[in-house]
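Colleague: I'd like to learn how to read a model like this one. Could you take me through it, feature by feature?

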Amino acid sequence: TQIVYDKPLLTQLLNWKRVFIMSTSRLLLPVDTLYIDIDDELLLRLVHGDKNHPVYRLEKSSEFDCGFRKVVYETDDDDALENLRRLIENHMKTHSVYVGSVLNTQAFRL
């Protein structure tokens, strides 16, 4: 498995095995469904006018009456990214201060 640290290319999204969003605040969010909210004209330009491009040929979803193209990435409970997300979530919970407890101290009372 190759991890790519560069900006993602829309034209390559069907080649991706897993997708997740990371932030500097210790957040890791696996993405299992990606909706493409790009109208046909712009998407056609992004795939260089190729109406046979796999991304352009994706069916539009009827879910939520949105009409967006939809890509589903397979995940399961044994997925390494899901396990990593749970690890980070638990680490964050055990090493973070509950904000309500800080605001209840005498220093923050008016």
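Predicted model: local features only at pLDDT ≥ 70, side-chain atom pairs only at ≥ 80, totals over all residues.

Colleague: In what order do the elements of the chain run from the N terminus on?

Modeller: Elements are DSSP runs, numbered from the N terminus: helices are H or I of at least four residues, strands E of at least two. Here the order is β-β-β-α-β-α-α, giving three helices and four strands.

Colleague: Which residues make up the largest nonpolar core?

Modeller: In soluble globular proteins, nonpolar side chains tend to be buried together. A nonpolar core is a set of buried Ala, Val, Leu, Ile, Met, Phe, Trp, Tyr and Cys residues joined through side-chain atoms within 4.5 Å; buried means under 20% relative accessible area, exposed over 50%, and partly exposed in between, with a 1.4 Å probe and protein chains only. The largest one here has twelve residues: Leu13, Val19, Val31, Ile36, Leu43, Leu44, Val47, Val55, Tyr56, Leu58, Val71 and Tyr73. Of the chain's 110 residues, 17% count as buried.

Colleague: What does leucine 58 touch?

Modeller: Contact means heavy atoms within 4.5 Å. Leucine 58 sits in the loop between α1 and β4 and is buried because its relative accessible area is 19%. Beyond residues up to four places away in sequence, leucine 58 touches Leu14, Ile36, Arg69, Lys70 and Val71. Its C-alpha atom is 5.9 Å from that of arginine 69, eleven residues apart along the chain.

Colleague: And how many aromatic pairs are there?

Modeller: A pair is described by the distance of the centres and the angle of the planes. Rings of Phe, Tyr and Trp (its six-membered ring) pair if their centres lie within 6.5 Å; planes under 30 degrees apart are stacked, over 60 edge-to-face, the rest tilted. The count is one aromatic pair: tyrosine 35 and phenylalanine 64, edge-to-face, with 6.3 Å centre to centre and 65° between the planes. Tyrosine 35 is in strand β3 (residues 33-36) and phenylalanine 64 in the loop between α1 and β4, so the pair ties together parts 29 residues apart in sequence.

Colleague: Is phenylalanine 64 buried or exposed?

Modeller: Phenylalanine 64 is exposed, at 68% relative accessible area, whereas tyrosine 35 is partly exposed, at 28%.

Definitions and conventions
Residues numbered from 1 in each chain as written. Heavy atoms only, no water.
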